[in-house]
Amino acid sequence: MSKPQNSSKKDKPANNGSPILRFFVKTGIFFAGLFLCGVLLAGMALALAWPNLPDLHAMTDYRPRVPLRVYTADKVLIGEFGEERRNVLRFNEIPDVMKSAVLAAEDDRFYQHGGIDWTGVVRAGLTNLINMSKTQGASTITMQVARNFYLSSEKTYSRKFYELLLTFKIESELTKDQILELYMNQIYLGHRAYGFAAASRTYFGKPLSEVTPAEAAMLAGIPKAPSRFNPISNRPRAELRQRYVLGRMLSLGYLTEPEYKTAMAQQIVMKSAEGTPAGGYSIHGEYVAELARQLLFNVYQDNVYSRGINIYTTVQSKDQEAAYRAVREGVLEYTRRAPYPGPEEQLDLPAGTENNPQALDEFLDGVFDKFSDSGDLLTAVVLSASPTEVKLARSSREIITVTDKKVLGVVARALNDKAKPEQRIKRGSVVYIRKLGDNWEIINLPSVQAAFVALSPQDGAIRAMVGGFDFYRGNFNRVTQAWRQPGSNI
């Protein structure tokens with residue numbers, strides 16, 4: 001009998017593919033499963049979150065509140081308390097030049113996209129990748145409306161998710177004109193001005209219908225950074241942003257070449273509606289106004305800020321301004337006599353930054369966020385320093401050189417190479433400067449305080465009151481709240 005042949009090789013199942021092929025098949029199935037799970041989770045999140053989005057009816061229910069206003073005895077406004085300054089306009093009441101400026105500055109494809117500008121997202125991503133920094137954003141007007149109305153400023157994924165959902169809801173329920181109207185009436189533009197109509201009166205003292213292309217471009221440049229791009233806080237920075245917006249308006253066809261040249265040549269005049277310095281008051285009566293607010297709040301509580309109440313105090317405007325100047329000058333004179341303690345902070349200013357206007361302005365923006373101006377004491381960063389000359393920057397277009405021997409004598413020790421590191425003024429130092437006639441002085445922010453009050457002996461009426469050097473650096477009133485008198489009592 002012959003031996004059976006071994007047929008194991010012949011009967012072995014055929015190979016279904018190489019190991020590499022099986023790997024890719026399994027990997028594909030795995031990622032397909034992940035994708036399906038992601039879709040299911042996204043669907044569940046959408047189903048849970050969408051019903052919780054706010055009702056859009058509240059966005060169009062405008063009820064402007066009239067603030068509490070405080071005046072001197074001679075009817076000079078010294079204080080205004082309320083959540084906002086606002087003048088609401090309908091879409092057809094907003095001038096076309098203002099709409100064009102806003103679109104050019106913030107979202108030129110607003111009428112083409114559906115709430116998210118994917119082209120802008122890709123462009124911003126590539127730009128940021130090339131520059132290795134976040135130099136460009138892709139936030140649309142609709143996304144800003146969603147953020148400004150209902151969402152907090154916290155940088156979390158959940159907030160971003162809700163922002164996207166609300167953006168889609170706004171786009172689905174409102175027309176483009178309605179969204180733009182909301183944006184232009186609600187956006188914050190600095191100095192408690194909400195909306196472009198209120199901002200026009202705050203900065204230019206005129207209704208929005210009268211703004212020129214140059215003024216419209218300056219207003220449209222503010223939303224990017226209201227604290228830094230408004231023409232009161234930083235005029236040079238606001239003008240740089242204005243020129244950018246005008247250039248965009250020209251390139252998009254909103255302005256002709258002659259209109260663009262006219263706008264670029266126009267000198268912007270800052271004047272508020274009351275004829276006072278734009279955005280502020282003609283005199284410094286902050287402590288008086290705050291005391292009046294506290295007294296009335298005890299009667300009306302929170303309702304005091306929306307009922308349009310006017311308070312007339314016993315203070316005389318000329319006496320009040322004289323008291324303010326006397327306190328400031330007295331404290332600064334004492335500060336000059338004391339040894340200079342050193343810069344507010346020492347920063348690392350990269351070499352050559354002053355030769356790059358954009359880089360310098362971005363660096364200064366961060367400085368001004370932390371060290372704000374105090375009245376006529378202005379924040380500046382030292383570019384170079386020696387015993388005979390100090391060069392400082394307020395912006396890329398405002399470089400100040402101090403060479404006066406008397407002025408430099410006050411900070412001479414800080415300019416010496418042997419000065420202690422924390423006291424020495426050098427490149428990158430953050431200092432305060434103040435205009436003295438045709439010169440500038442370098443002076444530190446005072447560490448001492450003073451107060452002043454003038455009373456009428458006949459009836460005890462307050463004619464002038466100053467509770468400290470700078471109300472906006474702590475509104476503690478040393479006249480009414482301190483437990484000890486600030487000086488001699490006559």
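Visitor: How many aromatic pairs does the count come to?

Guide: The model is predicted. Rings of Phe, Tyr and Trp pair if their centres lie within 6.5 Å. By this rule the count comes to 5 aromatic pairs.

Visitor: Is the pair of tyrosine 188 and tyrosine 194 stacked, edge-to-face or tilted?

Guide: The two rings lie 5.1 Å centre to centre, with 50° between the planes. Planes under 30 degrees apart would count as stacked and over 60 as edge-to-face. The pair of tyrosine 188 and tyrosine 194 is therefore tilted.

Visitor: Is tyrosine 188 buried, partly exposed or exposed?

Guide: Buried means under 20% relative accessible area, and exposed means over 50%. Tyrosine 188 has 34% relative accessibility, so tyrosine 188 counts as partly exposed.

Visitor: What kind of pair do tyrosine 287 and phenylalanine 471 form?

Guide: Their ring centres are 5.0 Å apart. The planes stand at 90°, and over 60 counts as edge-to-face. So the pair of tyrosine 287 and phenylalanine 471 is edge-to-face.

Visitor: How many residues apart are tyrosine 287 and phenylalanine 471?

Guide: Tyrosine 287 and phenylalanine 471 are both buried. Tyrosine 287 is in helix H13, and phenylalanine 471 is in the segment after strand S13. The pair links distant parts of the chain, 184 residues apart.

Visitor: Which ring does the charged end of arginine 293 sit over?

Guide: For a charge over a ring, CZ of Arg has to be within 6 Å of the ring centre. The charged end of arginine 293 is 6.0 Å from the centre of its ring. That ring belongs to phenylalanine 81.

Note on methods:
Residues are numbered from 1 along each chain as its sequence is written. This is a predicted model: local features need pLDDT of at least 70, side-chain atom pairs count only at pLDDT 80 or more; totals for chains, interfaces and linings use all residues. Side-chain values use heavy atoms; hydrogens and water are left out. Rings of Phe, Tyr and Trp (its six-membered ring) pair if their centres lie within 6.5 Å; planes under 30 degrees apart count as stacked, over 60 as edge-to-face and the rest as tilted. Buried means under 20% relative accessible area, exposed over 50%, partly exposed in between (1.4 Å probe, protein chains only). Helices (H or I, at least four residues) and strands (E, at least two) are DSSP runs, numbered from the N terminus. A charge sits over a ring if NZ of Lys or CZ of Arg is within 6 Å of the ring centre and within 35 degrees of the ring normal.
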